[in-house]
Amino acid sequence: MFRIRGAVLERIGSPRPYVESRPISVADLDLEAPGSDEVLVRVEAAGVCHSDLSVVNGNRVRPVPMLLGHEAAGIVEQVGDRVDDRVDDRVDEVAVGQRVVLVFLPRCEHCPACATEGMTPCQPAGAANAAGTLLGGAIRLSREGHPVYHHLGVSGFATHAVVNRASAIAVPDDVPAQVAALLGCAVLTGGGAVLNVGNPRPGQSVAVVGLGGVGMAAALTALTYPDVRVIGVDQIPEKLSAATKLGVHDTYTPQRATDAGVKADVVVEAVGHPDALQTAIALTAPGGCTVTVGLPPPDARISISPLGFVAEGRSLIGSYLGSAVPRRDIPRFVSLWRSGRLPVESLVSSTIRLDDINAAMDHLADGVAIRQLITF
């Protein structure tokens, strides 16, 4: 049993500002040693993402108390016994002393969904995430003898984490923790939507609606394609300015984009709000594809005309975790980063302490942050 310190969501749906209602407490917890097919990781850095906020505000109801955090990186300190031979043999690459990216949707490699090359989320992993357990059903966290649930199989807002082997992807030593952490969600989700679903051709255009961490990662990935014009759309002027500094060719507020008649061949929606998705659909050119990666509340609805999809040959597709296979795609993003074409570091808008987590949720809800990074 290990003693760790982590950010625990005590209750869902607390009123804002969170810095006053303090739904998250930074507490001492007990962490069991890794079991079979699990690893212990000393967390070095963790990003604060809307998927964390969606649990805090109740858009995604999860069991509590729950140790939050699903976008993180760290150093492997202990490896459990290997039992499940059905998991890809490459998990044996994870060894003590390696830096790993923690991913919130592992792939078991043997369910029907895992045979879709990332287009469908792993079924056992999705069930484990909803239940607040690790892949395989274990709960390794407790406080005063009572269980504390895992967030998306990672619980990265802590000094240490135990995760299933399939949730830990080794990266080379030259990849800094601050970069590795963002590969696990922002880059896989936003960049993966461009890489695996949109895949623009030379001469085409990509528009990204919503320039938070995921949206900005989508824009940066689109900029790595030759002869592709990239358009950023957001309501916040500071985010439009940041996108311009990163090389995005044109930026608009949603209203200005609509008034200007902007159309793009690939449009990525990265907000998780019905209005944003409707904007994204409206900006999609004939023959184009709208890719939605945002997670709206379960009861959210949109109103669209089906005629446009038929008459103009357009498509709308959802993409969870960028339709990524982490073991396949993280090395691709590492190569882009190493070549200087994907400046992942530029996504970090601020570095914070774990004790600042409630204020960080307020900044995220206000839309003023791209990626806040907790460092340990």
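The largest cavity of this predicted model has a volume of about 50 Å³. It is one of two cavities of 30 Å³ or more that the structure holds. The largest pocket, by contrast, contains about 970 Å³ of space, and it lies between domain 1 and domain 2 because both give residues to its lining. The mean pLDDT of the protein is 95.

**Enclosed cavities**

- The lining of the largest cavity is formed by Leu105, Pro106, Arg107, Glu109, Ala166, Ile169, Val325, Pro326 and Arg327.
- By class, six residues of the lining of the largest cavity are nonpolar and three are charged, with no polar residue present.
- The second largest cavity holds about 30 Å³ of space.
- Its lining consists of Pro106, Ala125, Ala128, Asn129, Leu135, Gly153, Asn164 and Ser167.
- Helix α3, which spans residues 123-131, gives the most to the lining of the second largest cavity, supplying three residues.
- The lining of the second largest cavity divides into four nonpolar and four polar residues, with no charged residue.
- Pro106 is listed in the lining of the largest cavity and also in the lining of the second largest cavity.

**The largest pocket**

- A total of 43 residues line the largest pocket, and those that lie nearest its centre are His50, Ala270, Val271, Gly272 and His273.
- Five helices each supply at least two residues of this lining: α2 (50-56), α4 (177-198), α5 (213-222), α8 (274-282) and α11 (357-366).
- Helix α2 gives the most to the lining of the largest pocket, with four residues.
- The lining of the largest pocket comprises 22 nonpolar, 16 polar and five charged residues.

**Domain arrangement**

- The protein is divided into domain 1, made of residues 2-184 and 343-375, and domain 2, made of residues 188-322.
- The contact between these domains takes 19 residues from domain 1 and 21 residues from domain 2.
- The C-alpha centres of domain 1 and domain 2 are 27 Å apart.

**Helix α5**

- Helix α5 is largely enclosed by the rest of the structure, because 10 of its 10 residues are buried.
- The buried residues of α5 are Gly213, Val214, Gly215, Met216, Ala217, Ala218, Ala219, Leu220, Thr221 and Ala222.
- The elements that cover these buried residues include the helices α4, α6 (237-245) and α10 (326-338), together with the strands β11 (205-209), β12 (229-233) and β14 (264-269).
- Helix α5 is also among the helices that each supply at least two residues of the lining of the largest pocket.

**Selected residues**

- Serine 51 belongs to helix α2, the helix that gives the most to the lining of the largest pocket.
- Serine 51 has a relative accessibility of 16%, so it counts as buried under the 20% limit.
- Beyond its neighbours within four places in sequence, serine 51 is in contact with His70, His151 and Leu295.
- Valine 233 lies in strand β12, one of the elements that cover the buried residues of α5.
- Valine 233 is buried, and its relative accessible area is 0%.
- Leaving aside neighbours within four places in sequence, the contacts of valine 233 are Val208, Val209, Gly210, Leu211, Leu240, Tyr252, Thr253, Pro254 and Leu283.
- Between valine 233 and arginine 314, which are 81 residues apart in sequence, the C-alpha to C-alpha distance is 20 Å.
- Glycine 6 is found in strand β1, residues 2-9, and is buried with a relative accessible area of 0%.
- Apart from neighbours within four places in sequence, glycine 6 is in contact with Ser25, Val26, Ala27, Leu67, Phe157, Ala158 and Leu354.
- The C-alpha atoms of glycine 6 and glycine 69 are separated by 9.5 Å, although these residues are 63 residues apart along the chain.

**Model confidence**

- In this model, 97% of the residues reach a pLDDT of 70 or more.
- Over residues 87-91, pLDDT stays under 50.
- For residues 87-91 the model has nine contacts beyond four places in sequence.

Conventions. Residues are numbered from 1 along each chain as its sequence is written. This is a predicted model: local features need pLDDT of at least 70, side-chain atom pairs count only at pLDDT 80 or more; totals for chains, interfaces and linings use all residues. Side-chain values use heavy atoms; hydrogens and water are left out. On a 1 Å grid over the protein atoms alone, a cavity is a set of points where a 1.4 Å probe fits but cannot get out, and a pocket is an open set with protein on both sides within 12 Å along at least five of seven lines; lining residues have an atom within 4 Å of a point. Grid points are joined across faces, edges and corners, and a volume is the space filled by probe spheres set on the points. Ala, Val, Leu, Ile, Met, Phe, Trp, Tyr, Cys and Pro count as nonpolar, Asp, Glu, Lys and Arg as charged, and the others, Gly among them, as polar. pLDDT is the predictor's confidence in each residue, from 0 to 100. Contact means heavy atoms within 4.5 Å. Domain bounds come from an automatic or database domain assignment. Buried means under 20% relative accessible area, exposed over 50%, partly exposed in between (1.4 Å probe, protein chains only).
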